[in-house]
Amino acid sequence: MPKGSGGMGFRDIQSFNLAMLAKQVWRLLREPDSLCAKVLRARYYPDGKLLNAKMKSGSSYTWQSILAGLDCFKLGYIWRIGDGTQIKIWEDNWIPGSHNMKVQTRRGNNLVSTVDELINPVNASWDEDLVRSILEVDANRILQIPITSGRDDCVAWHYNRNGMFSVRSAYHVQWKKKFGARMATMQDSGTSNCRIWKNLWKLDLPGKINFFAWRAIKEMMPCNAILANRHIVPNGGCPVCQNGAENIKHLIFTCDRAKAVWRSIGIWEKIRYLLEADQSGSVVLEEIINRGEQIYDLNVGFAELLLTG
């Protein structure tokens, strides 16, 4: 999960692998005369239409991997219109302004099937009356698409301005497909606040301290109270001060030893003010990081001083 969404920034290996396989699909499309493309085309897609290729009985592991990459590639490819003969109106990705690059108008009983039927053959421009009558919802978007007459249709990558495929953008598209719904659920439930994560990783601190703060906000610290709730230890009390349950709030703010540290560096009054509200330790820590307050006497940020202490 990306750091800005509450993760540690590690790549998802499966999504990265699929993006790398999608790169091979791109190479097969861009270099149809290569030896690899010729061998695979002769065996698996003799009609030359790689985007429509399917799994066959007895397919090699190589071809199965290519098809896995093809599913990833289909998330971000788009047709650039030449003569329009290769593009299926109702099935292919060819409308840049659409959220999924497909036609939003329902087909109904329309017999028109390929884009070339929407192009006026006399002046090689859109047949506006026909487009508006058949594709009412998409008409304005379609009429803005440029047509390159005298050229075959070609496949481009939608998520790069130059139309060229990149593993980086394919990875993000695949990751969004895999984890997007879960991220949306987390944001709706308030468990993923992008602001706190951006502010946390911007702090001028060693990585191990940032990681400590990340674990504290996520409540992933091995405090006795947390461990007791999971039936790992029998007693959730603080082993240092013997005064209350050892949770995140107690560990960082209210333990007698922690209070002594905060008093010695002169920030206990600020902390005591924040603790007046009945909030968990992770929420208090979030508030301190999001405030971005400075301790001018020491020329250091409040959050940096607290976490270092």
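Author: Here's a walk around the largest pocket. First, this is a predicted model, where local features need pLDDT of at least 70 and side-chain atom pairs count only at pLDDT 80 or more, while totals for chains, interfaces and linings use all residues. Residues are numbered from 1 along each chain as its sequence is written, and side-chain values use heavy atoms, with hydrogens and water left out.

A pocket here is an open set of points on a 1 Å grid over the protein atoms alone, where a 1.4 Å probe fits, with protein on both sides within 12 Å along at least five of seven lines. Its volume is the space filled by probe spheres set on the points, which are joined across faces, edges and corners. For the largest pocket, that comes to about 940 Å³.

So who's around it? There are 37 lining residues (an atom within 4 Å of a point), and L51, Y77, W79, D92 and V155 sit closest to the centre. Two or more lining residues come from each of α1 (13–30), β1 (77–80), β4 (154–157) and α6 (167–188); helices are DSSP runs of H or I with at least four residues, strands are runs of E with at least two, and both are numbered from the N terminus. Helix α6 gives the most, with 4 residues.

By class, the lining has 15 nonpolar, 9 polar and 13 charged residues. Nonpolar covers Ala, Val, Leu, Ile, Met, Phe, Trp, Tyr, Cys and Pro, charged covers Asp, Glu, Lys and Arg, and the others, Gly among them, are polar.

For contrast, the second largest pocket holds about 280 Å³, and its lining divides into 11 nonpolar, 1 polar and 2 charged residues.
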